[in-house]
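Dear colleague,

My findings follow directly after it.

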Amino acid sequence: MAVIETAEKMLPAGLRPIGGRTLRMLAAVLTERGEKAAAQRMALTAFSIRILSAALAFVSQIVLARLMGEYEYGIFVFVWVLVVVFGDLSCLGFHTAIIRFLPQYRAAGAFEEIRGLTGTARIFALLSGTAVLAAGTLGLHFFGDMIQVYYLVPIFIGLLAMPMIALGDILEGTSRANHWPVMALSPVYIVRPILIILFMLIAIAIGAEHTAVTAMQAALVATFVTALGQYAATLYRLRRHYDEGPRKVDFLAWFSVAFPIFLIEGVSFLLTNSDVVVVGIFLEPHDVAIYFAAAKTMALVHFINFSVKAASGPRFSSIIAEGDHGQLATAAIDAARWTFWPALGVGLAVLAAGHLLLSLFGGAFTSGYLVMAILLAGILAKSLVGPAETLLMMAGKQNLCVALYAGALTANVGLNLALIPHYGIEGTAIATASAMAVEAILLHLAVRRTLGIVLFAFASPSAATPEMRVR
């Protein structure tokens, strides 16, 4: 309280009422006990990490663009997006299923199930990632003549990273389920980007060429170092919390939940990244570079949704287990508000500095400013419903989410195919923003019909119906 009072006195007189309330709210979040406070602390920590990671990602992309030039940079970002997409999908939903089951097992004191779940998920990720690696290698062998020659070697290098990317996702889900946000988010979003740049600079210093191949080699080494380090740290912490002991494996029950989640998140992930993929298929690497730079710059807003989503999953799962509908409605609408208002403020600030930010990549990249403005409209539309997909998944509505995302993805791809030939990268931005708006509308309707919650950033928790319909 003494610190808060001192800080209030340092504020200008006009800002003291608002500043004081903000400081007291922050102090309450940091010191209070309970599930809500824990979720808010996790959101705040995840938010801070995502701010840092967004800055690091932005700087790293600028460095890579400057090192390689537009053409080689376009090749690298197209291939790296493909690698991350398929690496994440190779988990088949187990990284989110852990968040669904582990808090419930912990509440019930079922440590045998926790040990079985986390160990099985790690082994499954390595096996499935290796299977994707093998399938991709066979695909390159038999269909390589259908791919542009400048993509072949970078794709092969990227395939080698698949098992480690899958393992990293499982470890992230394990840490999120245990409310360890720093361990969950730091490796992939802070450590790996730093290592990619570091290894790229080392490679160039010893004589490597400034090409996408060199960048992919740096990314491969960084992925292995990050995943193995994260594995050692997570395993050590798990053993401290749950000790060694027998394991109970219920693979079919876990997989029956994980696979629908895979379909949901797979379609969602494809929806999020389909714009870069489609641009890479139909346009030249130069266009890929400009579009990706604009999208990456506007992605500074995306970390807000990610941060709230990271904290909301365990909280939603715990509330649903308790069967408290009123508390669930409050938590869901709070999450939507925590998503929309920061997204609006950050988005307008990024757009105001858009020309300056794009010029950091190179003079030609400023032509992507209109892309930024269009994408912001879509991001704000999506943020109005917050982490609605997480709420539905935690409530057991996985199959419904699959249908919703499939519809949004179909709209996105269809609009891309129709608009790219006439409007280029601006057409891709319009298609992506429109798909985000369709996604938000479908999610809002789904939550309202299945859970009886009017999920909207401007809604009141009292708008929820008195019965929680969770199956």
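Does E113 count as buried or exposed, and at what relative accessibility? In this predicted model, E113 has a relative accessibility of 17% and therefore counts as buried, since the cut-off for that class is under 20%.

Because E113 belongs to helix α5 and K248 to the loop between α9 and α10, the pair ties together parts that are 135 residues apart in sequence. K248 is partly exposed, its relative accessible area being 44%. The side chains of K382 and E389 also meet in a salt bridge, at 3.3 Å from N to O. Both K382 and E389 are buried.

**Aromatic pairs**

The count of aromatic pairs comes to 21. One of them is formed by F94 and F124, whose rings are tilted, with 4.8 Å from centre to centre and 40° between the planes. This pair links distant parts of the chain, as F94 is in helix α4 (residues 94-108) and F124 in helix α5 (residues 111-143), 30 residues apart. F94 and F124 are both buried. The pair of Y150 and Y151 is edge-to-face, because the planes stand at 65°, with the ring centres 4.7 Å apart. Y150 is partly exposed at 22% relative accessibility, whereas Y151 is buried with a relative accessible area of 4%. Ring pairs also join F94 and F124 with F251, F255, F259 and F262 in a cluster.

Helix α9 covers residues 212-242, and T223 is placed within it. How does the span of α9 agree with its number of residues? At 1.5 Å a residue, the 31 residues of α9 should span 45 Å, and the end C-alpha atoms are 44 Å apart, which agrees. T223 is buried, with a relative accessible area of 1%. Apart from neighbours within four places in sequence, T223 is in contact with W80, A161, M164, I165 and R192. After α9 comes D243, which has a positive phi near 60°.

Most residues other than glycine have a negative phi. L92 is not a glycine, yet its phi is positive, at about 55°. L92 is located in the loop between α3 (35-89) and α4.

Which residues make the nonpolar surface patch of about 500 Å²? The patch is made by L138, F142, F143 and M146. Of these, M146 is in the loop between α5 and α6 (149-159), and M146 is exposed, with 67% relative accessible area. I281, in helix α10 (residues 251-282), is likewise exposed, at 56% relative accessibility. The C-alpha atoms of I281 and F78 are separated by 9.0 Å, while the two residues are 203 residues apart along the chain.

With kind regards

Methods. Residues numbered from 1 in each chain as written. Predicted model: local features only at pLDDT ≥ 70, side-chain atom pairs only at ≥ 80, totals over all residues. Heavy atoms only, no water. Helix = DSSP H or I, 4+ residues; strand = E, 2+ residues; numbered from the N terminus. Buried < 20%, exposed > 50% of the residue type's maximum accessible area, 1.4 Å probe, protein only. Contact = heavy atoms within 4.5 Å. Phe/Tyr/Trp six-rings, centres within 6.5 Å; stacked < 30°, edge-to-face > 60°. Patch = residues over 30% accessible without salt bridge, like charges linked within 9 Å, V, L, I, M, F, W, Y side chains within 5 Å. Areas by Shrake-Rupley, 256 points an atom, 1.4 Å probe, with all protein chains shown as cover. Salt bridge = Lys/Arg side-chain N within 4 Å of Asp/Glu carboxyl O. Expected span 1.5 Å × (residues − 1).
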